[in-house]
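Thank you all for making time this morning. I would like to walk through one model with you, going from its strands to its charged pairs and then to a pair of helices.

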Amino acid sequence: MVTPAMTNVANIAPGKAPGPNEHCWCGSRLKYKRCHQSSDAQGNAKRSSPPGHAVVQGKISPRRTVPPQIARPEYAISGRPGPNRGSEVKSAEVLERMRRVCRLSANLLAELSTRARVGVTTEELDAFAHQWAIDHGAYPSPLNYRGYPKSICTSVNEVICHGIPDDRPLADGDIVNLDVTLFFEGVHGDCSATVFVGDVGEESKRLVRVTKECLDLGIAAVKPGEPINAIGRAIERHASAHGYSVVPAYCGHGIGERFHTELQIPHYYERGANLRMVPGMTFTIEPMIAVGTGESYVWEDDWTAVTADLKRTAQFEHTIAVTEQGAEILTLPG
């Protein structure tokens, strides 16, 4: 599950416009005066939903329960995560626990990927993931995180991230991002992949391939002593070279004992993201790459983020640890 970028103001309260020289609320990274200021003045801007959806949300079932013997994160009951402050550098003991939970998450993602077939609903995928987590002694981290109602995120076609599983059957030609995070032994492990459903067109195949390459290049940019923005620079350069856009409104995040920490990993070059990487840091890299605009909207459910032009987007994600040599990918199945 991604976190909104601090530089993005897409979630600004209605009626509270940014300043002319601030980033526009839509996530375009343009100054407000160069983007939506004039249309807002005329009352034509739509802040909560785009002009129609290609993917239509189905029925969402009630939240599932977790047996009391499963250890759970601090927000499991209240929906309110605790403070995200603390050291971004993990001890050897915490890293060992993270390796275990990340392997579990990756194994679940691999199982889910084989089940995303024509006619299967994302609700069925969520039910499988929920039970799989419980059977392996883990808590599905998204469940009730800030009130999120399900155990995984399933983002279809133009849905960028945070798609809520429902009773809509997957259709031939869809692409779907499956985002899995588990909480086990006191730490979280987060990963995602975009998979094909049935016979997928060449444009979508190319998008998915380039998005995976963006993730690989972002990971390759991880080196101790380098600034965090080296990751976004590598991702944005590759996406742009293929005519694609990076979605700027959401970014990777620090992870460990907390689902999300204060550390943010932009997937585009952000000059201010100049914190130097050091061994022991753990965070996610999860680029969202769009065929068209990187501008995004959020549905009225306050979760489902979609591209403004309703063109397709893809995402891949790993949790990584910074090492003396570079990056250790923690979310590999095994």
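This is a predicted model: local features need pLDDT of at least 70, side-chain atom pairs count only at pLDDT 80 or more; totals for chains, interfaces and linings use all residues.

Residues are numbered from 1 along each chain as its sequence is written, and side-chain values use heavy atoms, with hydrogens and water left out.

As for its partners, two strands are said to pair if DSSP finds at least two bridges between them. Strand S2, residues 139-140, runs antiparallel to S5 and is joined to S5 by two bridges, with Tyr-139 standing opposite Phe-183. Strand S3, residues 153-156, is likewise antiparallel to S5, with four bridges, and there Thr-154 has Leu-178 as its bridge partner. Strand S6, residues 187-196, is joined to S5 by ten bridges, again in the antiparallel sense, and Val-180 faces Cys-191 across that pairing. S5 and S6 form a hairpin with two residues between them, and Glu-185 in the turn has a positive phi of about 55°.

Next come two open sheets. In one, three strands follow the order S4-S13-S12 with antiparallel pairing. Strand S4 (159-161) and strand S12 (296-298) stand at the edges, each with a single partner strand, so one side of each has no neighbour in the sheet. Neighbouring strands of this sheet are turned by 40° against each other on average, direction ignored; the axes behind such angles are lines fitted to C-alpha atoms, for helices over the stretch in contact, and angles run from 0 to 180 degrees between N-to-C directions. S12 pairs with strand S13, residues 305-307, over three bridges, and Tyr-297 is opposite Val-306.

The other open sheet has the order S1-S8-S9, also antiparallel, with strand S1 (3-4) and strand S9 (264-265) as its edge strands. Strand S8, residues 250-253, meets S9 over two bridges, and His-253 stands opposite Gln-264.

Turning to charge, how many salt bridges does a search of the whole structure find? The search finds 13, a salt bridge being a side-chain nitrogen of Lys or Arg within 4 Å of a carboxyl oxygen of Asp or Glu. Arg-99 and Glu-96 form one of them, with their closest N and O atoms 2.6 Å apart, and because these residues are three apart in helix H2 (residues 92-115), they are separated by about one helical turn. Arg-99 counts as partly exposed at 22% relative accessibility, and so does Glu-96 at 37%. Arg-168 and Asp-174 meet at 3.2 Å, N to O, and both are buried.

In helix H4, residues 202-220, Glu-202 and Lys-205 lie three residues apart, and their salt bridge has closest N and O atoms 3.6 Å apart. Glu-202 is exposed at 60% relative accessible area, while Lys-205 is partly exposed at 31%. Elsewhere, salt bridges that share partners join Arg-64, Glu-123, Asp-126 and Lys-150 into one network.

Finally, H4 packs with helix H5, residues 229-241, at an angle of about 155°, with the axes 8 Å apart. The two helices are therefore roughly antiparallel, the classes being under 35 degrees for roughly parallel, over 145 for roughly antiparallel, 65 to 115 for roughly perpendicular, and oblique for the rest.

Conventions. Buried means under 20% relative accessible area, exposed over 50%, partly exposed in between (1.4 Å probe, protein chains only).
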